[in-house]
Amino acid sequence: MMSPKKCLIALFALSTAALAHGQDLLHRVPTQADLVAVVNSQAIVRHSSLEKLNAVLTQLGAFDALQTQHALDIHKFEDFDLAYDRHTYIYKTDTDSSYYLGILIPLKAGHQIEQHIFADLSPEHVAGGFRKAIAKDGKTQLAWNDNSLFLLTGDYKSSFFQHDSIAAAYGLDLPKPTNDWYDMPYAVDSTAAVDNIDIATAWDEAADSAYAVVEGMNDEAIDFDAELYDSIAPLLSDVAGVNVDTLSTNIEGYDLDFDGYSDESYRAEMARNNKNDSIRNQAFSTWIARDFDAFLKPTTEVTRNKKILRFDKQNTLLHIWVKDLNDVYRSALPYEVLTMSLGFDMKNLDYGYQDAVLDFIQDKNVLKLKASVGLDKDVQKIFRKMYKNKVNRKFAKYIPENHLGYLSLNVNTEAYLNSLPALFARWYGPIMPTYSDLVRIGTTAMQIALDEKAIAKVMKGDHVIFINDLKKVTSTYIDYEYDEDYNYREVSKTKEEEIPNFLWMFTSEDQRIFKQLLAFAEKENKASQIDGVFKIAENEKSMPIYVFFKDNLVFVGNDQAQVMAIKENRFSASKDASIKRQIFDHTMVATVHTEKIPAVIQKMGVPIIGSWQKNVNDLSHFGDISIRVNGLKKNRIGGEFAVAFPKENTNALQYLLQQILENVDHK
């Protein structure tokens, strides 16, 4: 009988081996990867329901296509050669000349992926127990062994070959500058007595001649080009000494050659492009063949970064890590064009962002897209002050019981205004070296001009706005009536329509400027006041806005009854603690109560196409759609986008699969 100690050792060894087997694909992600995506296959399969997944794939015709087009004997999801108990990794690397996309897929024991998919690619044995194949275009290479498949693909960067020295080294035929028709000089006789020419008369005579020629076409066949040209050219030749022969030739060449491209030049252009594309593609094929082994068995792996595997293994379906968000911005912007045209050196762009993490999460019936970004020390310091602000707790007393959605924002106004000069100098100074002095002067002027403390007292920075239920209003508009002779006259008409009413509240410790502005509007007959409630209306027919001051709060809304209820201390506030928690715990929240959308659409009279009616009605079973920003925690700023699906299914993924089954036709 084995001793307890040996049992523990054996269990430890087995668990270690299993862990190594599960993580061996991560060890093959190279350290130079700029982006790594982890596909949590186990969570996807567990939450999806294989029964519904197979039904969806069958209904979409996926299995039939595999059997017909690739002769694969696959009838259900489980027949694929993939191992769903381990993660799939996708990564991207970047250089000046190209980018690579690597995919590491776990395979189940005893797989037959070569026979099923890669038999036509003439696989061969390579070192390390791998079988290797190359796609026909040479731009994708694959290798597999007993437990994994590695696919490496990518492409060249066109910008790399735009440099003259590199283009010459590879034998590219770059286009040479050509003179387009609009660049061709027209002959002007500098000795012509332009001042003595009556240009208006010359043009009138030319027009008369042209008219006579065209009129003559009704009586006899005329060579239009020759006769019209011969009639007008002498007159035009007198205007400013223009050489009409040269001008005509240029215009005719433009018309006949289709913007300067004759058939011959077009064919030459296509031949040159085909040659260059072939050279570039061949260059990339050479690069990927040279680098493939280094990616297949990297000497240094990326596992040292803990964020790559730091996610909820039970509920996260897809986890993405980006090494440097600043680099993403730089690569997305046409910095060479901006540098040449505006003098912006976009290579120095630095927002202070570091790595970024993106998670696609299923939490029961809610799907979330959650993100966070690391910040460097300078930007951390700035953002920490901006987000250090407490929401006015009095807001809780004025949350309407019935509303369609709300938006809350909580930023420290004083810190924000104080930080603007530093942010401008940090973000825009390095990319505008030519204007760096002006940027510095501008930021200094901003610091002098702004009294941050005074502005912060006027508007502290915490805001909440609620969109209430719809409100029926009567509006006036101008229409037109026509008589039998189509003469029209303006008529004034009225119509009833449903518009959303709102309530906006914010903290203000110094309300003088608002009250002075309202007093001025009252003096100009643009506002009125009853017992401290201001009514702003451009005219009697326009929709009024009501403003009321209470303690250190300012209320703005278009529902008089609601504002009066606040004034008279009879406002009926919502008892929903989750709304209060969302407002008080987050820097920014935007929420839509989706279940109320169908009723709103019906009240507003928005026409719905018949096929969409069911989808609109289904929204009444949804929960909230929300965007939340959490502010700064440690050195990261984060937020999420969440959709709460109906609870009629086990979870959100299964609801989506069921919708596909019900709404997508069988292929």
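Q: Which strand gives the largest share of the lining of the second largest pocket?
A: That's β20, with four residues. Strands here are DSSP E runs of at least two residues and helices are H or I runs of at least four, numbered from the N terminus. A pocket is an open set of points on a 1 Å grid over the protein atoms alone, where a 1.4 Å probe fits, with protein on both sides within 12 Å along at least five of seven lines; lining residues have an atom within 4 Å of a point.

Q: What should I know about the model itself?
A: It's predicted, so local features need pLDDT of at least 70 and side-chain atom pairs 80 or more, while totals for chains, interfaces and linings use all residues. Residues are numbered from 1 along each chain as its sequence is written, and side-chain values use heavy atoms, without hydrogens or water.

Q: OK, which residues lie nearest the centre of that second largest pocket?
A: Val-357, Asp-359, Lys-370, Ser-372 and Arg-636, out of 21 lining residues.

Q: Which elements supply at least two residues each to its lining?
A: β8 (316-322), β9 (353-363), β10 (366-375), β19 (624-633) and β20 (636-644).

Q: Switching topic: what does Val-36 touch?
A: Leaving out residues up to four places away in sequence, Val-36 touches Val-29, Tyr-89, Ile-90, Tyr-91, Ile-308, His-319, Ile-320 and Trp-321. Contact means heavy atoms within 4.5 Å.
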